[in-house]
Amino acid sequence: MMTNLVKSDQKSDDVIKVFGGKPLEGSIRVRGAKNFVSKAMVAALLAPGTSVLKNVPEIRDVQVVSDLLRLHGVQVDVNGAEGIVTIDASHVELADVADVDTLSGSSRIPILFSGPLLHRLGEAFIPALGGCRIGDRPIDFHLETLRKLGAKVNKEHKDGIHITAPDGLHGAKIHLPYPSVGATEQTLLAAVLADGKTELSGAAIEPEIMDLVAVLQKMGALISVDVDRTIRIEGVESLRGYTHTSLTDRIEAASWASAALATHGDIFVKGADQDDMMTFLNVYRRIGGEFDVDDNGIRFWHPGGDLKPVAIETDVHPGFMTDWQQPLVVALTQAKGLSIVHETVYENRFGFTKPLVQMGATIQLYKECLGSLPCRFQQRNFEHSAVIFGPTPLEGRDIDVPDLRGGFSHLIAALTAKGESTIHGISLIDRGYADFRGKLRALGAEII
Ligand code: EPU
């Protein structure tokens with residue numbers, strides 16, 4: 001059965017009205033992780049067989065990757081209701097550059113097609129990338145990795161990058177200057193079928209990456225991960241299709257947890273996984289949020305009384321995720337005292353606080369590092385630390401969604417605020433939050 005993962009009525013529905021001030025209460029289910037599912041779909045391209053991915057969320061990013069795969073001659077069947085994607089990559093062909101280009105700017109995933117396409121076809125065309133505007137988001141590590149593995153990168157094309165590997169890819173010693181999630185995935189997807197051994201030091205080890213390693217191992221790859229963030233990949237001759245159930249989206253789960261705290265609510269997040277959220281749960285408890293873990297998920301609630309302020313620094317795994325930061329900042333506007341957030345992953349991830357201030361929050365941004373973690377943005381001109389003073393009542397207003405996580409944070413702010421808010425550009429949230437309108441209604445939110 002073929003269904004679009006994001007229903008068409010949602011696509012056109014770009015504005016939402018929120019009548020806030022009511023606690024969110026009830027139960028919702030969170031499916032697989034956006035930042036894993038898209039990569040596992042790309043991995044299927046490595047094998048001339050059929051792969052089956054389960055627990056797939058109904059989000060726009062899945063639709064974009066499905067379309068990209070189809071443009072390369074791959075058969076993709078999406079059963080949105082069941083959350084199952086079946087990919088038959090027996091046949092792969094070069095996509096028309098103009099067609100690929102229509103998807104440029106939709107996501108950051110196309111760059112990860114490089115390795116699989118080089119192995120299957122000897123060349124790849126990567127359109128200009130999209131994704132959230134939360135910093136410069138260069139792809140220098142990706143391209144350097146591909147070059148080290150033997151690829152030739154031509155950036156002359158006006159619409160994208162043409163990559164070739166006339167002599168195939170070969171193993172290499174690679175060091176990442178920063179543990180980039182995408183560049184680690186790039187190396188994995190390119191090195192599994194390369195000739196010889198690859199050693200990747202300074203790798204990222206996010207749970208989503210470990211799930212990708214699990215998928216690749218099911219496909220026949222030889223990969224080991226050392227405690228010092230070194231990943232060793234022994235190239236194999238060929239890979240086969242996989243069947244795999246995605247890990248839960250820990251960013252979506254934490255977003256709903258933050259919504260429960262900010263709105264004085266009580267939300268059971270079915271599917272939430274404690275192991276992948278330990279760092280978040282510790283912070284949640286320090287703030288004064290309550291949670292209860294059971295076999296089916298995690299219940300998050302505001303126990304009443306004052307929330308406490310915290311100082312947090314975002315970091316790569318196992319640190320506090322950058323993607324958890326934005327929704328939690330809204331909850332911190334309701335904590336009693338001064339909270340500090342030092343963002344060390346993206347240089348420009350506090351733009352979303354401006355509308356919060358207009359709604360009544362007291363948030364001051366600083367270029368200094370307000371924390372002790374090593375930070376690439378020290379002595380640079382980026383407002384990457386925030387001081388939040390609370391509690392401040394929020395008032396509804398008109399908001400334009402800036403990016404995926406910032407947008408969801410605005411939604412939480414509107415639900416927390418007294419009065420009416422109108423949020424424009426809301427469909428951006430469809431990229432990563434499956435059926436969030438349905439879930440909000442199930443939690444008693446007043447939205448139209
Ligand atoms: N970076 C470079 N050069 C590169 C690659 C990255 O300088 O070639 C820098 C980035 O500019 C950034 C830092 O390294 O400052 C980390 O970037 P990373 O490569 O780790 O991020 P990503 O792979 O582009 C994924 C997620 C993001 C998530 C980050 C960090 C996907 C599709 N995206 O991005 O998710 O924030 O890892 O965990 O997996 C989101 O879901 O809203 C989101 C932005």
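User: By class, how many nonpolar, polar and charged residues does the shell around the ligand have?
Analyst: The model is predicted, so local features need pLDDT of at least 70 and side-chain atom pairs count only at pLDDT 80 or more, while totals for chains, interfaces and linings use all residues. Residues are numbered from 1 along each chain as its sequence is written, and side-chain values use heavy atoms, with hydrogens and water left out. If Ala, Val, Leu, Ile, Met, Phe, Trp, Tyr, Cys and Pro are taken as nonpolar, Asp, Glu, Lys and Arg as charged, and the others, Gly among them, as polar, the shell has 10 nonpolar, 5 polar and 9 charged residues.

User: Which residues come nearest to the ligand?
Analyst: There are 24 residues around the ligand, each with a heavy atom within 4 Å of it. Those that come nearest are Lys39, Asp140, Ser180, Val181 and Val345.

User: How far is the side chain of Asp323 from an oxygen atom of the ligand?
Analyst: Polar contacts are pairs of N or O atoms within 3.5 Å, and a polar side-chain atom of Arg376 lies 3.3 Å from a ligand oxygen. For an N or O atom in the side chain of Asp323, the distance to an oxygen atom of the ligand is 2.9 Å.

User: Between which domains does the ligand lie, and why?
Analyst: The domain bounds come from an automatic or database domain assignment. Both domains give residues to the shell around the ligand, and therefore the ligand lies between domain 1 (15-30 + 248-447) and domain 2 (34-245).

User: What is omega for the cis peptide bond from Gly390 to Pro391?
Analyst: Another cis peptide bond runs from His317 to Pro318, with omega near 10°. For the bond from Gly390 to Pro391, omega is near 0°.

Methods
Polar contact = N/O pair within 3.5 Å; in protein donor to acceptor, adjacent residues only side chain to side chain.
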